[in-house]
Amino acid sequence: MPGGGDSPAGYGLLVPERESFARLPDQISLSREEVATVLFALDLAEVSAPAAGRQEVRRAIRLLTSKLWPELGDLLGDDEA
């Protein structure tokens, strides 16, 4: 499952190591429905975020999308400034 996306139960996502208040697992698995929920929530966050935070939301969207659909390649570039 390293590299994500090949989990039979859903999509495998690698969780980067960061200092936080809780220990996160190295990998998690999400069903298609759960991935859709996260991506739709990120879309809403992007349109409602102040300009300063919008770039971070776009980065999260690109990260998830590139892991789930690597064949999209260059289509994931930021065409909005």
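Modeller: Helices are DSSP runs of H or I with at least four residues, strands are DSSP runs of E with at least two, and both are numbered from the N terminus. This is a predicted model, in which local features need pLDDT of at least 70 and side-chain atom pairs count only at pLDDT 80 or more, while totals for chains, interfaces and linings use all residues. Residues are numbered from 1 along each chain as its sequence is written, and side-chain values use heavy atoms, with hydrogens and water left out.

Biologist: In what order do the elements of the chain run from the N terminus on?

Modeller: The order is β-β-α-α, with 2 helices and 2 strands in the chain.

Biologist: What span is expected for a helix, and how far does helix 1 reach from its first C-alpha to its last?

Modeller: The expected span is 1.5 Å times one less than the number of residues. Helix 1 has 17 residues and reaches 24 Å, close to the 24 Å expected. For helix 2, residues 51-68, the 18 residues should span 26 Å, and the end C-alpha atoms are 26 Å apart, which agrees.

Biologist: How is a residue called buried or exposed?

Modeller: The calls rest on relative accessible area: buried is under 20%, exposed is over 50%, and partly exposed is in between, with a 1.4 Å probe and protein chains only. In this chain of 81 residues, 23% are buried.

Biologist: Which residues of helix 1 are buried, and which are exposed on the other side?

Modeller: Val 35, Leu 39, Leu 42 and Glu 46 are the buried residues of helix 1. Their arc around the axis is only 60 degrees, so they lie on the same side of helix 1. That arc is taken over the directions from the helix axis to the C-beta atoms. Glu 33, Phe 40, Leu 44, Val 47 and Ser 48 are exposed on the other side of helix 1.

Biologist: And which residues are buried in helix 2?

Modeller: In helix 2 the buried residues are Val 57, Arg 58, Ile 61, Leu 64, Thr 65 and Leu 68. They cover an arc of only 130 degrees around the axis, which places them on the same side of helix 2. Ala 52 and Leu 63, on the other side of helix 2, are exposed.

Biologist: What is a nonpolar core, and which residues make up the largest one?

Modeller: In soluble globular proteins, nonpolar side chains tend to be buried together. A nonpolar core is counted here as a set of buried Ala, Val, Leu, Ile, Met, Phe, Trp, Tyr and Cys residues joined through side-chain atoms within 4.5 Å. The largest has 9 residues: Leu 30, Val 35, Leu 39, Leu 42, Ala 49, Val 57, Ile 61, Leu 64 and Leu 68. Helix 1 (32-48) and helix 2 are the elements that give two or more residues to this core, and helix 2 provides the largest share, 4 residues.

Biologist: Where is Leu 42 found?

Modeller: Leu 42 is in helix 1, and its relative accessible area of 17% makes it buried.

Biologist: Where do Glu 56 and Arg 59 lie?

Modeller: Both are in helix 2, 3 residues apart, about one turn of the helix. Glu 56 forms a salt bridge with Arg 59, where the closest N and O atoms are 3.3 Å apart. Arg 59 counts as partly exposed, at 45% relative accessibility.

Definitions and conventions:
A salt bridge is a side-chain nitrogen of Lys or Arg within 4 Å of a carboxyl oxygen of Asp or Glu.
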